[in-house]
Amino acid sequence: SPAAMPAFRQVGEKQLPQEVVFMCWSPKRDLIALANRAGEVLLHRLANFQRVWSLPPNENTGKEVTALAWRPDGKILAFGLADTKRIILCDVEKPESLHAFSVDLTITYMHWMEVTEESSVLTSFYNAEDESNLLLPKLPALPKNYSTTAKIFSEEKSDEIMKLLGDVRLNALVLGGSSGFIEIYAYGMFKIATVNGVAGSCRGLCLSSDLKSLSVITEIRDSSDSEAEITYFQASKLDTSLLSSYLPEVTRMARKFTHISTLLQYIKLSLTCMCEAWEEILMQMDSRLTKFVQEKNTTTSVQDEFMQLLLWGKASLELQALLMNQLTVKGLKKLGQSIESSYSSIQKLVISHLQSGSEALLYHLSELKGMALWKQKYESLGLDASGIEEAITAVGSFILKANELLQVIDSSMKNFKAFFRWLYVAMLRMSEDHVLPELNKMTQKDITFVADFLTEHFNEAPELYNRKGKYFNVERVGQYLKDEDDDLVSPPNTEGNQWFNFLKNSTHLKESPLLFPYYPEKSLHFVKRQMEGIIDQCLQKPADVIGRSVHQAVCLPLYKISQSEDSTPQLFKLPFLWNDKTSNIHYVLFTILENSISKIHILRRHTDTSRSVSNGILAVEFGNILNNSINESSDSRCYSCLDAHFYDDETVTVVLKENVEQEGKERVLAQLPLSSVYTDEDQDRKFIWDSTERLDERSGEIPTCTVVLENQWRVLENMKAQYVSVNGIRKVSCVLSSNLRHVRVFEMDVEDDGEVEEEEEEETT
């Protein structure tokens, strides 16, 4: 008879405004991430299915989410986008992208795993990993008062960029995409393998926690055929024996690369803050002077006009009009203050952030070079010392550029101060205001200083007008922060610089690898982009080398799906893969349609210590659960399986549908214990495999087991349930209806108490 109380306690139910296309439970907390048709990524809490935050689609991310995955520590959520072909890593605390990278093809599946392997070498590395913290000063937190960083960082702690590093234990984000695209990213940031040789579009994949095998399920479309074939590949020796036998080295290398990626992100954000600190008002001087040139009638140059004012204290009427009516005393004061505050902010950012970030980058790259030179350990992983040399040189050039910017800021601040002070007094005199005696003192040195400034900065440059639409470039800092390939408008003057002359005349030093190349004509942004390109290049090689070592061990064709058969969008793809932690058993779940009943099949691959592999397969039927058919002798095999997921090592959660043609077909959520399926150890070995034939062509030969569920099931009333997402660690599940808008959340290890529910219902009414 049916259980007196329904199993599993319902803790929330919601009708959602948009169709949900993906759901994924957090591994560590009672949070579920959803992605919907509108391209939003949402985070909901288990209790009452309350929304925590939502990340709407924007131009930096994209509109079409195709995969979701949590980092094993639950602190970062990754999602893939089809329209922009980007992968975004998002902080669980607030909806902001911490890191993003592009991939070549659309991602169709993601899996984020953690290495559970223990070894003394690894443990000692996990403990010693923070040596860089002892040697390097702590990176200053990025300032929060800029819009770029305010969006990312919460009020109390702004070193959230460091969250990207996460735990030292190696974890890997495995991406599967269309046309055989598979890549593995260590810590979700650094690509350690590009796998080739798998055909078809990825529908599911799983990397075992010992890194020894990668299993992939793909859908292969034959252009002539409207039906697609689903195939199970297992590269059981994905010669990730290369990854697993070099696990300590891979971890160490990946960790270094992750440090490097994080630092590049940090430098990028610092530079964005610098661009924000530089304000448009600083261009005022250039634009006012250009306008003055265009409107004046006299032939004297602007430089001469100002020189006359400096020497004789008299200004032409036109210059007077420019200064008094357009620039104004008040305007001059404001401009002076803006320049001072803006320059000092940029200066602080260069000194505290850019320099410390790039020094840390140099440190990690030098360590990496040391690793690359240890050939017996790292050569087979594709670490290449000469590429890293180039990266170190590129970082050196960036540091030189940052120093040059500091010098430009320094001299600009001095020049502008003296110039504004002199001009302020001159303007006060023009307006016949009282000039304070301490402002009036001007030594011969000051006059020379201003005269030099006028000579150098106030030259009309017609060729500049053609390039930039202005005749003057008085403001010299902004050009360094422009993100463009153009050369600098006013590169630093190196004439008479003894070091430059010495280098020019020295044949040996010119080509020396110890000297960082210097690009006097280029902006800071340009040098930064060049540095990022070279570092990316040198981090690319291991992925190709490790990827090439992958071999395919087995390929089993499973079944065909026709387009007409199932018009509902198949969102959560069976099959799903699972690795048993205790012994090396590997399960794959999938459904095959047989006499209009969708029957769940469990494929089990057993690998014993001698690495011999045996395959077994079983079809599972569900005995009559609801006992509501009048005629007991009628066919009891009346359930189709709609969705299934591994709940834990011993249990599969399934959504079933009655197949009897009657009104009000009920949908059922049930827990299927594997122990009730594998009652006789060898029953699933009876099937003789033949890799030339598909399973659905031989479905009659597959051994079948009928399971009668005792009490681990619950009827889902008033809901056309279709999909389920589970988390066995937190013992929760979320069921989604076939219209993709109706969700119900259950706690799976608690029986539902009827009274509580009634009370809750009263409250809501």
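Student: Which residue lies over the face of Phe526, at 4.6 Å from the ring centre?

Tutor: This is a predicted model, in which local features need pLDDT of at least 70, side-chain atom pairs count only at pLDDT 80 or more, and totals for chains, interfaces and linings use all residues. Residues are numbered from 1 along each chain as its sequence is written, and side-chain values use heavy atoms, with hydrogens and water left out. A charge sits over a ring if NZ of Lys or CZ of Arg is within 6 Å of the ring centre and within 35 degrees of the ring normal. Over the face of Phe526, at 4.6 Å from the ring centre, lies Lys522.

Student: At what distance from the ring centre of Tyr678 does Arg604 lie?

Tutor: Here the charged residue is Arg604, and the ring is that of Tyr678. Arg604 lies over the face of this ring, and its distance from the ring centre is 3.9 Å.

Student: How many aromatic pairs are there, and is the pair of Phe419 and Phe420 stacked, edge-to-face or tilted?

Tutor: Rings of Phe, Tyr and Trp (its six-membered ring) pair if their centres lie within 6.5 Å; planes under 30 degrees apart count as stacked, over 60 as edge-to-face and the rest as tilted. By this rule there are 14 aromatic pairs. For Phe419 and Phe420 the centres are 5.7 Å apart and the planes stand at 40°, so this pair is tilted.

Student: Why is the pair of Phe419 and Trp422 classed as tilted, and at what angle do the planes stand?

Tutor: A pair of aromatic rings is described by the distance of the centres and the angle of the planes. Phe419 and Trp422 both lie in helix α11 (residues 385-430), three residues apart, about one turn of the helix; helices (H or I, at least four residues) and strands (E, at least two) are DSSP runs, numbered from the N terminus. Their ring centres are 5.9 Å apart, and the pair is tilted because the planes stand at 45°.

Student: Is Trp422 buried or exposed, and what is its relative accessible area?

Tutor: Buried means under 20% relative accessible area, exposed over 50%, and partly exposed in between (1.4 Å probe, protein chains only). Phe419 is buried, at 0%. Trp422 is also buried, with a relative accessible area of 7%.

Student: How many bridges join β28 to β29?

Tutor: Strand β28 (residues 732-737) is joined to β27 by six bridges, and Ala721 stands opposite Ser737. On the β29 side, Ser733 stands opposite Phe746. The antiparallel strands β28 and β29 (residues 742-747) are joined by bridges whose number is five.

Student: Which buried residues cover the two faces of β28?

Tutor: In a regular strand the side chains alternate between the two faces of the sheet. In β28, six of its six residues are buried. One side has Val732, Cys734 and Leu736, and the other has Ser733, Val735 and Ser737.

Student: Which residue in the turn between β27 and β28 has a positive phi?

Tutor: β27 and β28 form a hairpin with four residues between them. A positive phi of about 55° belongs to Lys731.

Note on methods:
Two strands pair if DSSP finds at least two bridges between them.
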